[in-house]
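Reader: I have a structure to look at. Please take me through its helices and charged side chains.

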Amino acid sequence: MSRPSDSDAAATRKPNMREAILWAAEELFSTNGFNAVSIRDIAQAAGANPGSVTYHFKTKDGLLLEIYRRHCGPMNRRRSELLAAARRVRDLSDRLEAIVRAYVLPAFSSGSDLAGGGARFTRLRAVMSAEGNEVAGRIIAQTFDDTSHAFIDAICESLPHIPRTEIVWRSHFLLGALYYTLVTPERVSRLSRGEADGTDAAHAIEQLVCATVASLQAAPTEQPAPIRRRAPLPAKN
């Protein structure tokens, strides 16, 4: 009879080891980034051995992909449901607000670190985006691009006079504001000298939706005229 490997034994010994590894990896990635964290670091934080990590997830890339899937699958499905309802709103101004709300609301839908995101996963997303890692970039695109295109298309339908490239820029700014709002709510409380509560999710959603709608409705920026280069003067003999 063949002897079970260390990873097989670990998986049998601790049925919840997969969750422990996911939790540890998410915490380490959100704090230190993807590049600086090794499989050994994750295993140590999870109370596992490195073989157990590779048994469940094969590679560090596979582990990051699973983290994104478990959070973003439910969030993207909820966004798609809300977007479908928003697109049925007849008034274009009201429809635009409903579209933006459909994007923002699911990110606040869970105070935990499970479906919807939570502060830790939002911090991880911000770190991954800033780090510029090729693997992380591919996972982010795979996870979000289809949903993002659907929202941008819906916004374009509500604002037909705004060029799509400008809507892409403005939706890009929304993503940054969403990250910052979820990760550093204490800044709002501090700078308002306590008059506003940055942890009040309902108020944060209203502020973010209002600011984004105003941004999207702003007049298109004037495109600067292309710089015309002078042809070089003929050389003198």
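Author: One definition to begin: buried means under 20% relative accessible area, exposed over 50%, and partly exposed in between (1.4 Å probe, protein chains only). The model is predicted: local features need pLDDT of at least 70, side-chain atom pairs count only at pLDDT 80 or more, and totals for chains, interfaces and linings use all residues. Residues are numbered from 1 along each chain as its sequence is written, and side-chain values use heavy atoms, with hydrogens and water left out.

Reader: Which class does Arg 87 fall in, buried, partly exposed or exposed?

Author: Arg 87 has 33% relative accessibility. Buried ends under 20% and exposed starts over 50%. Arg 87 is therefore partly exposed.

Reader: Which residue forms a salt bridge with Arg 87?

Author: A salt bridge is a side-chain nitrogen of Lys or Arg within 4 Å of a carboxyl oxygen of Asp or Glu. Here the closest N and O atoms are 2.6 Å apart. The pair links distant parts of the chain, 70 residues apart: the loop between α5 and α6, and helix α8. The partner of Arg 87 is Glu 157.

Reader: What is the nearest side chain of opposite charge to Arg 95, and how far away is it?

Author: Arg 95 sits in helix α6 (residues 92–104); helices are DSSP runs of H or I, at least four residues, numbered from the N terminus. Arg 95 is buried yet has no salt bridge. Lys and Arg count as positive, Asp and Glu as negative; His and the chain ends are not counted. The nearest opposite charge is on Glu 157, at 4.6 Å.

Reader: Which residue has its backbone oxygen 2.8 Å from a polar atom of the Arg 95 side chain?

Author: A polar contact is a pair of N or O atoms within 3.5 Å; within protein, one must be able to donate a hydrogen and the other to accept it, and residues adjacent in sequence count only if both atoms are side-chain atoms. The backbone oxygen in question belongs to Val 89.

Definitions and conventions
Helices (H or I, at least four residues) and strands (E, at least two) are DSSP runs, numbered from the N terminus.
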